[in-house]
Amino acid sequence: MKNNPSVMMLSWEYPPRVIGGISPHVYFLSKNLVKQGVKVYVVTCDFPDAPAHEVVDGVEVYRIDSYKNPAPDFATWVYLMNLNMQKETAALTKKIGDKIDVFHAHDWLVANAGIGLKHVFRKPLLVTMHSTEMGRRDGLHTTTEKMIHETEAWLTYEAWRVICCSEYMISHVKWAFGLPNDKLVMVPNGVNTQSYNNSHDDLSGFRSKYALPEEKIVLFVGRLVYEKGVHILINAVPKVLSKVNAKFIIVGSGYMKEQLLNIVRSMGLEHKVLFEGFVDEATLLKLQKCADVSVVPSLFEPFGIVALEAMAAKSPVVASDTGGLSEIIQHDVTGVKVYPNNPDSLAWGITKVLLDDNYRRQLRENAYKTVQEKYDWEKIAVQTKRLYESVLGEYSKSFWA
Amino acid sequence: MRIIIFSWEYPPRVVGKLSEDVKSLATELATNDVDVNIVTYDEASTGLTQESKWVKATRVANPVRTHIGVLTWVLTLNQEVERAAANIYYQAAKKIDLIDVYDWHFIPAAVTLKNGLDIPFVYSVESLEDHRSQALNTTYSMAIKSIEWLGFYEAQKISAESEWMRDEIIRIYKVPEEKIVVIPFDDPSSHAKQILSLFSGVAGGAKVK
């Protein structure tokens with residue numbers, strides 16, 4: 001075998017197409033794998049004005065036509081998109097010769113393509129399970145949800161190894177799909193501290209657009225959906241305001257927006273809670289740096305990248321003690337953990353952080369150090385490369401080799 | 001000559017007339033010394049399978065049981081068809097002359113195997129979505145048509161059972177006429193001979209035997 005492995009990554013999103021956390025994950029992982037000497041190909045869905053082929057930081061990126069077949073609904077679209085992704089990736093794999101060592105799929109959205117390619121080329125398939133349908137929906141209620149769940153089960157069954165980004169997800173995935181321990185590997189998600197490093201910018205002008213000088217900034221970043229628990233934060237607002245003067249900035253959009261706006265209106269707190277919707281990357285970075293506290297009140301959270309981002313931006317974090325958040329944050333050391341689904345507990349955490357400057361500084365410094373030590377993309381790439389190598393070692397003894 | 005036939009029905013699974021037609025053709029081809037492999041859908045409810053001495057059938061089950069429609073059902077079954085076909089391919093030291101695909105269901109698998117492993121395929125048309133759906137053009141129907149289109153585009157040759165069907169394929173999908181061969185299914189033996197000569201052309205003149 002060659003010294004350095006080649007990997008074909010399959011992901012339904014890759015910048016500039018950004019829908020959720022998979023896009024930045026695949027972007028940073030691929031780029032850092034290249035730095036470790038791994039040859040990386042990414043096959044992803046197309047995006048307006050993005051080229052069909054380009055090299056990004058040494059990564060060969062191919063974008064396929066994802067709307068080639070008309071589709072009656074989202075799930076059917078996913079399977080039809082996979083048809084085209086699989087066909088294009090098969091042609092690409094053949095074109096570059098016998099040079100792909102592993103296929104690496106991200107979530108059920110590319111299950112069919114990944115599984116098919118594994119068998120056609122007889123190479124090992126790895127999968128990163130970023131989330132599960134069971135977790136996203138808090139159970140399986142519809143035929144579509146059951147179908148997606150079974151597709152996830154099929155993907156984890158076919159995979160040589162299943163990667164999860166937190167111990168919480170490992171145990172969740174193990175239970176949800178009945179997987180053996182030795183098939184599961186924990187490799188954390190990373191955060192890019194460099195994007196927060198231009199700390200010399202004067203943000204006071206920027207800050208004044210959002211809050212009065214005497215107001216502390218409480219920041220929420222996330223989709224406005226049930227699982228993110230933003231309604232818990234809204235319920236905590238008056239409790240916090242009774243102790244501290246603050247401005248609550250809500251970044252993100254989702255189906256709960258109107259309902260949340262109505263609650264804020266009924267409390268007469270429209271001047272204290274700002275709904276910013278989607279903001280661009282640069283604005284988000286600045287907001288995270290200005291925030292006196294970042295709140296992550298999720299009810300379900302496979303990993304909790306938004307907490308890591310806040311930590312990298314040196315904003316103290318208050319998060320619910322659930323899922324991946326429980327592992328990222330060490331209570332009283334790198335952040336504050338509160339009871340999930342409990343506005344009183346959340347308000348307590350926020351107030352505690354906002355009222356104590358020293359405590360805030362301490363959390364910030366500890367958190368930043370942890371991010372650099374544990375969630376550095378370079379280290380994650382090294383771990384991932386080692387995983388590829390160990391899988392290829394096992395593979396070399398199989399009759400497929 | 002070694003071939004794989006993809007058909008979503010094959011005895012004991014009988015949905016329409018395709019099942020018996022494919023069986024009769026496969027048997028005829030086998031008696032003409034073609035190594036015939038069938039990949040089809042395994043439906044437990046059809047009961048015991050009487051295997052032929054000449055034709056090897058691989059029956060695959062759907063890895064995903066719950067589905068919202070025929071489309072998603074077909075699309076997840078295709079990976080199992082690929083798996084079965086790839087197994088035959090690697091077992092046969094990568095020597096498969098062609099794949100013969102009946103109708104649209106397993107076109108996705110055939111297209112991937114062609115693009116990834118260089119195995120050409122013949123698209124054998126039994127019926128078209130335009131006729132089945134009475135040209136309703138719902139999104140659902142359009143999706144199936146887009147798979148049929150992909151099959152016509154990627155196939156090396158297309159076989160139709162009648163001149164009417166050939167003309168319909170040309171009318172609906174604008175396929176060049178020279179790509180379509182009309183082979184009526186009347187006498188099984190002469191039908192098989194014509195199919196064989198079509199296959200031989202697609203497989204680059206591969207000899208029978």
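Predicted model: local features only at pLDDT ≥ 70, side-chain atom pairs only at ≥ 80, totals over all residues.
Visitor: Which residues of helix 15 of chain A are buried?

Guide: The general idea comes before the list. An α-helix has 3.6 residues a turn, so residues three or four places apart point the same way. In helix 15 of chain A, the buried residues are A:Trp377, A:Ile380, A:Ala381, A:Thr384, A:Tyr388 and A:Val391. These residues cover an arc of only 100 degrees around the axis, which puts them on the same side of helix 15 of chain A.

Visitor: Which exposed residues does the face turned away from the buried side of helix 15 of chain A carry?

Guide: That face carries A:Glu378, A:Arg386, A:Gly393 and A:Glu394.

Visitor: What is the order of the strands in the open sheet of chain A?

Guide: Strands of a sheet pair through backbone hydrogen bonds, either parallel or antiparallel. Here the open sheet has eight strands in the order 3-4-2-1-5-6-7-8, with mixed pairing. Strand 3 (53–56) and strand 8 (184–186) of chain A are the edge strands, each pairing on one side only. From one strand to the next, the twist averages 25 degrees.

Visitor: How many bridges join strand 7 to strand 8 of chain A?

Guide: Three bridges join these two strands, which run parallel. A:Ile163 stands opposite A:Val185 in strand 8 of chain A. Helix 3 (residues 111–121) of chain A packs on the sheet and touches strand 1, strand 5 and strand 6 of chain A. The direction of helix 3 makes about 165 degrees with that of strand 5 of chain A.

Visitor: Which residues does helix 7 of chain B bury?

Guide: Helix 7 of chain B has 15 residues, 188–202, and reaches 21 Å from its first C-alpha to its last, close to the 21 Å expected. Its buried residues are B:Ala192, B:Ile195, B:Leu198, B:Phe199 and B:Val202. Seen down the axis of helix 7 of chain B, they fall within an arc of 120 degrees, so they line one face. On the other side, B:Ser189 and B:Ser197 are exposed. What covers the buried residues includes strand 1, helix 1 and strand 4 (98–102) of chain B. Just after helix 7 of chain B, B:Gly204 takes a positive phi of about 65 degrees.

Visitor: Where is the cis peptide bond at A:Pro16?

Guide: Most residues other than glycine have a negative phi, and most peptide bonds are trans. The bond from A:Pro15 to A:Pro16 is cis, with omega near 5 degrees. A:Pro16 lies in the loop between strand 1 and helix 1 of chain A. In chain B, a cis peptide bond joins B:Pro11 and B:Pro12, with omega about 10 degrees. B:Pro12 lies in the loop between strand 1 (2–6) and helix 1 (18–31) of chain B.

Visitor: Is B:Gln134, with its positive phi, buried or exposed?

Guide: B:Gln134 counts as exposed because it has 8 C-beta neighbours inside 10 Å. Its phi is near 55 degrees. B:Gln134 sits in the loop between helix 4 (129–132) and helix 5 (139–154) of chain B. Phi of B:Ala135 is also near 55 degrees, and B:Ala135, with 11 C-beta neighbours inside 10 Å, counts as exposed.

Note on methods:
Residues numbered from 1 in each chain as written. Chains lettered and ligands numbered in written order. Buried ≥ 20, exposed ≤ 12 C-beta atoms within 10 Å, placed from the backbone. Helix = DSSP H or I, 4+ residues; strand = E, 2+ residues; numbered from the N terminus. Arc of directions from axis to C-beta. Pairing = 2+ DSSP bridges. Axes fitted to C-alpha atoms, helices over the stretch in contact; angles between N-to-C directions. Contact = placed C-beta atoms within 7 Å. Expected span 1.5 Å × (residues − 1).
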